[in-house]
Amino acid sequence: GNPVVMTPYSVSYYNMKPDPNGKGPGHNDSYMSLKMNYDFDPAPPRYSAEQRKNIIGYQPCVWTEYIPTTKDLEFVLLPRLSAASEVSWTEVKSKNFEDFKRRLAKQHFKRLDVMKTNYFVDPPQDAQLNLFTDKIKTSIKTDFPKAKIFYQEYKSGKYTKAQEYK
């Protein structure tokens, strides 16, 4: 019956790695995608109306013991903070992740570029570490025009140097 600010670990702790491949800064054993963050409902329907009435806010958190630099901090916070804004201020029925991604690409990433921030762009959904174990022809694309896609070949039990896919 007390007023609460929601901060569940799985969608609120930004010290989790944003990269599904486990690369970059953040806690080694955790991962949170931008979509997971965006889809969070601080007052889910499974709570009674009385319980939801006591949810007065949402608070993302970050612990920096696995985030050594300011650039690394930007990397785990951005664009997650944009998603947190919509979690906090937009009714669930009005949220649309596809529209959110479009606005990120069209507006927010440009602002982040102008400010020279270090932000994370989700990789293509099918581009996971060790995705291909044999020869295969594929096409990979991303929703975000400035995203760079890198690949490595596995030869003689070792990975080659990462190369940019163009």
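A search of the whole structure turns up one cavity of 30 Å³ or more. Grid points are joined across faces, edges and corners, and the volume is the space filled by probe spheres set on the points.

Before going further, a word on the model: it is predicted, with local features needing pLDDT of at least 70 and side-chain atom pairs counting only at pLDDT 80 or more, while totals for chains, interfaces and linings use all residues. Residues are numbered from 1 along each chain as its sequence is written, and side-chain values use heavy atoms, leaving out hydrogens and water.

Helices α4 and α6 each supply at least two lining residues; helices (H or I, at least four residues) and strands (E, at least two) are DSSP runs numbered from the N terminus.

Pro79 sits in the loop between α4 (70-77) and α5 (80-89).

Which residues of α5 are buried? They are Arg80, Ala83, Ala84, Glu86 and Val87, where buried means under 20% relative accessible area, exposed over 50% and partly exposed in between (1.4 Å probe, protein chains only). Viewed down the axis of α5, these buried residues fall within an arc of 165°, so they line one face of the helix; the arc is that of the directions from the helix axis to the C-beta atoms. They pack against β2 (16-17), α2 (34-39), β4 (55-58), α4 and α6, with contact meaning heavy atoms within 4.5 Å.

In α6 (residues 97-114) you will find Lys101, which counts as buried because its relative accessibility is 8%. Lys101 and Leu34 are 67 residues apart in sequence, yet 9.6 Å apart in space, C-alpha to C-alpha. Lys116, in the loop between α6 and β5 (149-151), is exposed at 64% relative accessible area. Lys116 also has a positive phi of about 55°, although it is not a glycine.

**Salt bridges**

The structure holds eight salt bridges, each a side-chain nitrogen of Lys or Arg within 4 Å of a carboxyl oxygen of Asp or Glu. Three of them are listed here.

| Pair | N to O distance |
|---|---|
| Lys35 and Asp39 | 2.6 Å |
| Glu50 and Lys53 | 3.1 Å |
| Lys93 and Glu91 | 3.5 Å |

Lys35 and Asp39 are about one helical turn apart because they stand four residues apart in helix α2. Lys35 is partly exposed at 38% relative accessibility, and Asp39 is partly exposed at 42%. Glu50 and Lys53 are three residues apart in helix α3 (residues 49-53), so about one helical turn separates them. Lys53 is exposed, at 56% relative accessibility, and both Lys93 and Glu91 are exposed.

Finally, Glu86, Asp99, Arg102 and Arg103 are linked in a network of salt bridges; Glu86 is one of the buried residues of α5.

Terms used:
On a 1 Å grid over the protein atoms alone, a cavity is a set of points where a 1.4 Å probe fits but cannot get out, and a pocket is an open set with protein on both sides within 12 Å along at least five of seven lines; lining residues have an atom within 4 Å of a point.
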